[in-house]
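I opened this notebook to look up how the chain is put together, beginning with the overall figures and then moving to single elements.

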Amino acid sequence: MEGQAVVSTSQMILGVKLRDDARFDNFLGDRNRDVASRLLAILDQPVGIPVVAICGDSDTGKSHLLQAACHDAEKRGRSAVCISLLELQPFGPEALAGLDGKDIVCLDDLDQVVGQPAWEEAIFHLYNRVHDRNGLLIVSLSEVPGATPFHLPDLRSRLSHGLTLQLGIYRDEDRARILVARAEQRGLVMGEDVVSFIMRRAPRRLGDLLAILDTLDENSLKAQRRLTIPFVKTVMDW
């Protein structure tokens, strides 16, 4: 009963983590489109690939792709789960118990537990159980598995023998395109002049840029104002 309670807690975290807007069809930007296409192809024909490691910096869309994989699996009638090890860490490695019952298991933020023997051993055994059931394990890392300082050599070996997909940092044109597309999804019209103005002043991280969009969206609704340069200046205090 105690183990079941831990898994239930992790499942509640998963429900919050999985975003409805994290799908393949809105993973934009030319630079990483090929990675998304390759992952989608694997989900279409997963036989023979036990694990996929999606690698890249913190602002390259790794979490988006893991969650998109879960949405895609559910659409195909397959079971899937996506968890953030950053969020799961306080519950201990025992929280991974039972996840191998899913067809696809996505472990985001794997870097958070690298070098911790108990966590690495739990992930190693999870890999084996998922593999034995012909399931698919997808993990996200900052570096490729071979360059990640794992404590457990067998875990590094398992992850290295899967498929590694490397994401690149977004170019400015990709970030602008994503900003416009996300604004359109919210029903916001963002002219080229406004986009250029925001891009000149916003931080370079995509996450920060989308946080600015959240602020503009909220203030636009309250003020019933469209997005203009003077309005953006006032809201962002630029």
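I looked first at burial, and found that buried residues (under 20% relative accessible area, with exposed meaning over 50% and partly exposed in between, for a 1.4 Å probe and protein chains only) make up 47% of the 238 residues in the protein chain. I note that this is a predicted model, in which local features need pLDDT of at least 70 and side-chain atom pairs count only at pLDDT 80 or more, while totals for chains, interfaces and linings use all residues. I also note that residues are numbered from 1 along each chain as its sequence is written, and that side-chain values use heavy atoms, with hydrogens and water left out.

I then looked up the elements, taken as DSSP runs numbered from the N terminus (helices are H or I of at least four residues, strands E of at least two), and found ten helices and five strands in the protein chain.

**The sheet**

I traced an open sheet of five strands in the order β2-β3-β4-β1-β5, with parallel pairing (two strands pair if DSSP finds at least two bridges between them). Its edge strands, each pairing on one side only, are β2 (80-84) and β5 (163-166).

I stayed with β3, where five of five residues are buried: Ile-104, Cys-106 and Asp-108 lie on one side, Val-105 and Leu-107 on the other, and both faces are covered. Five bridges join β3 to β2, with Val-81 opposite Val-105, and four bridges join β3 to β4 in the parallel sense, where Val-105 stands opposite Leu-137.

I next checked β1 (residues 51-55), which runs parallel to β4 (residues 136-141) and is joined to it by five bridges; Ala-53 stands opposite Val-139 there. Helix α5 (residues 117-132) packs on the sheet and touches β1, β3 and β4 (contact means heavy atoms within 4.5 Å).

**Helix α9**

Which residues of α9 are buried? I listed Leu-206, Leu-209, Leu-210, Ile-212, Leu-213, Leu-216, Asp-217 and Ser-220. Seen down the axis, the buried residues of α9 fall within an arc of 150° (taken from the directions from the helix axis to the C-beta atoms), so they line one face of the helix. Their cover includes α7 (172-185), α8 (192-201) and α10 (229-236).

Key. Axes are lines fitted to C-alpha atoms, for helices over the stretch in contact, and angles run from 0 to 180 degrees between N-to-C directions.
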